[in-house]
Amino acid sequence: MNATQPEITTLLATFFLGESAFALNAGVVQEVIRLDAVTPVRHSPPEVAGVINLRGRIVTLLDTGLILGAQPARRDRDSRILVMEDRGEFLGLLVDRMGEVIEAEPETSAPLPANIPPAQARFFSGVCRSGGRVLTLLNPVELLNGVRS
Amino acid sequence: MPLSRLFERLTIGQKTWASLALFCLPLGVLFYFNLDQLSANIVFATQEIAGNRYQRPLVQLVRAVADYQTASQTGAQTALQNGQPATANAAAVDALFQQLRHLEPTVGAQVGFDPAALRVAKLEPLGAAPVEVKWQALRSAAPTAKSWEADGDSLMSDLRTMIGRAGDLSNLTLDPEMDSYYLADVTSVVTAQALHRLRNASLFVLPRLRQTTGLSAADRTQIAIYAATIKESDYDRLTGDLDTAFRENAKAARGASPTLRPALTPLKARYEQALPALLAHLQALAEGKPQRSEDVRQSFAAAGQATLELSQSTVTELDRVLEARIDAYANYRWRLIAGTGIALAIATFFFWLVVGTIAGPLRTVVAQLAQVAQGDLSGDVPPGFQARGDEIGQLSRSLQTMLVALRAMVEDISVGVRRLSHSSAGLLSASGTLTSGSSDTSLKAHTVAAAAEQMSANVGFVSAGMSEAADNLAQVTAATTEMTASIGEIAVSSEQARRITAQASQQALEVTKQIQLLGQAAREIGRVTETITEISSQTNLLALNATIEAARAGAAGKGFAVVANEIKALAQQTAAATEDIRQRITGVQQSTAAGIGNVEGVSQVISEVSHLVTTIAAAIEEQATATKGISVNLGHASHGVQEANSRVAESSLASSEIARDIVVVDQAARQMAGTGDQMRSSATELAAVAEKLELAAGRFRI
């Protein structure tokens, strides 16, 4: 699938890290699961929270907060994992909590503000407004690549 | 009172004799009047006798003059009545006049015939001399003279007046007995009158009897008148007088004459014979019966004689009666004098006895007292006096007691004087000590005075403080009383509070239990809501995933996406409701926890309150007991303070007094110091006096 080509009506899965609201194209998300038992991985980078067993599949759990240069994601009852597949490999993004699945409104989209540091700026594709709040749109490709690198 | 002062000056004897004199005074007065009366009676009787003596010749003169005239008238040699010649009768008259002249200066003067008395009574012609002159004129006149008969009549009237005067002046009416009165009527009036009338009758009748012509009717009538007059005025009166005199004399209380009736009865009988005979002749003549002249003359003579003799004898008997009377009076007078004298003698004797038994012993007792006065106490009062029962006896006994007591006293004095002498020496030395001691005293008195002033001031402060304390105590007592009442109320209230807190504690426990139950129920609900939340969360997740799946499915998944959205909305509603429930349950749980906490706090507070209340109750109980004790003690204290107050006042007074007294002591001490020397000299003098006293006491003989 081509993530850079949004469909006419694009659905955005929104989530939160701390107080910041983020949005991700719902099409790239396999499913959303709860945080369950996490098996830590030795010598892994700090962004890798561990691995989880999802119905027989190994999903690598990434700490989205750390990846986005912010605080580590909370791990509690509201914590959710957005499971994505990238070339047969399953990744899980650990976020503080899930928001709504909303329809994207292109007219509200705007470029990133200039004061974002370049190291993180590659993970964002822009901002948009929804329900009176500003959502930061994530670039799932860069996000996955960044994790690979 | 001068009289009482005079009596104070008199001795008892003089007083007694004065009393006797006063007692005798009325006796003497009575005696005098009695005696005077008796003497007057005697004088009267004596005078009566004198009158009789003077009367006697006068009566005889009447008779003699009558005889002379009748004799002269007839010219006969013999008188008609006494048968004697006129010359003889004339001589008899002369002799009688001589006798009268002789009597006049003595007896006549006694009965009022002295010339001075006659002049006073204007009766000068009734003196013996003028009447005799009249007689001489009659005698020298011829019987044939015209006024011869009338002159004789006048002379006889004079004589009769003289007789009456002699009788009148004898104070006859003063005689208490009647016999003398009637006898005097006979002697001084009736007989003279009778003789006079007989003379008149004889001078009328006898010449006419000698007439040859006889008696005329007028003569007879005149004779009848004479007869009737003689009968009624002379005869009846004379005999009546005599009979009365006899009767009265027999009844006379004193001085009855035993000879009166025997002597006069024969004469009276003769008179009673002679007069009726004459009257019978006169009666006969008056009736015209001729009578012999000689018979008539003789009957006249007999009647005259009988009358004269009766008169003379009556006078004699009257004298006797009067003499008997004088004897009786004299006898009575003598008895009066003797009785009075005896009474006086007896009284005097008794007074003498009284004076003797009082004055004599008194003199003895006074002599004894004089001895005592001179210091001789050795004598005793005679035992005879002491044994007496009267005031003298009392006096003697008291004097004896006094003597004994005086002796003992003088002995005591002697002993005392010796002691005094001894003591005066001691006093002399003591006076020196006193002088120094008194100056010390003065010094100390100053100190004490200052201290007393200080003390007085202090006591004043204390007094003020004490009164304040008393006031405060009174206030405290009042407050304590109020407090006791309040504590009682508090005790009641605290008991109530204890009970209420116990109830509250119990209720708090129950509330806690209830709240805990509620909390448990809330927790259980919480678990249910968590399950629901979990379910709704999973449902939500499921819906999300469905949405995502629908989104991945593209247009095919659109319907599915709607369902997923619906499910998600349901899940979100459930989640919101659950959240709401959860929040509410959480609120309930919080409220429950808070309620439990609060209830526990309340419970704790209640138990604290309960504890406090119990403590307070106990404390109040103790407080009440203590307060009662305090109240009682306050009462005692108040009483004590009051007493102390009064004590303080007393001591204040006392200290003031002490201060004053100390001043006095100081003065006294100074005086003592000043007079110490005087005292020493006095002690010396005292020693001298003691010596003198010893000497004086030694003078008493005990």
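Among contacts in chain B between residues at least 6 apart in sequence, what percentage join residues at least 24 apart? The figure is 83%. It belongs to a predicted model, as do the other values below.

Chain B has 702 residues, and 36% of them count as buried. Its secondary structure amounts to 13 helices, with zero strands. The pattern along the sequence is accordingly a run of α elements, α-α-α-α-α-α-α-α-α-α-α-α-α.

Helix 9 of chain B can be followed in some detail. This helix covers residues 260-286, which makes 27 residues. Helix 9 is bent, by about 25 degrees, at B:Pro266. After the helix comes B:Gly288, which has a positive phi, near 90 degrees.

The aromatic side chains give another view of the model. Over all chains, a search of the whole structure finds 10 aromatic pairs. One of them is formed by A:Phe15 and A:Phe22, with 5.7 Å from centre to centre and 25 degrees between the planes. This pair counts as stacked, because planes under 30 degrees apart fall in that class. A:Phe15 has a relative accessibility of 0% and so counts as buried. A:Phe22 is buried as well, with a relative accessible area of 8%; the limit for burial is 20%.

In chain B, the rings of B:Tyr32 and B:Phe33 have centres 5.5 Å apart and planes at 65 degrees, so this pair is edge-to-face. B:Phe33 has a relative accessible area of 52% and is therefore exposed, since exposure is counted over 50%. Returning to chain A, ring pairs join A:Phe124 with A:Phe15 and A:Phe22 in a cluster.

Rings in chain B also take part in contacts with charged groups. B:Arg165 has its charged end over the ring of B:Phe113, at 5.7 Å from the ring centre. B:Arg208 is placed over the face of B:Phe204, and here the distance to the ring centre is 3.8 Å.

Terms used:
Residues numbered from 1 in each chain as written. Chains lettered and ligands numbered in written order. Predicted model: local features only at pLDDT ≥ 70, side-chain atom pairs only at ≥ 80, totals over all residues. Heavy atoms only, no water. Phe/Tyr/Trp six-rings, centres within 6.5 Å; stacked < 30°, edge-to-face > 60°. Buried < 20%, exposed > 50% of the residue type's maximum accessible area, 1.4 Å probe, protein only. Lys NZ or Arg CZ within 6 Å of the ring centre and 35° of its normal. Helix = DSSP H or I, 4+ residues; strand = E, 2+ residues; numbered from the N terminus. Contact = heavy atoms within 4.5 Å. Expected span 1.5 Å × (residues − 1). Bend = angle between axes of the 7 residues up to and from the residue.
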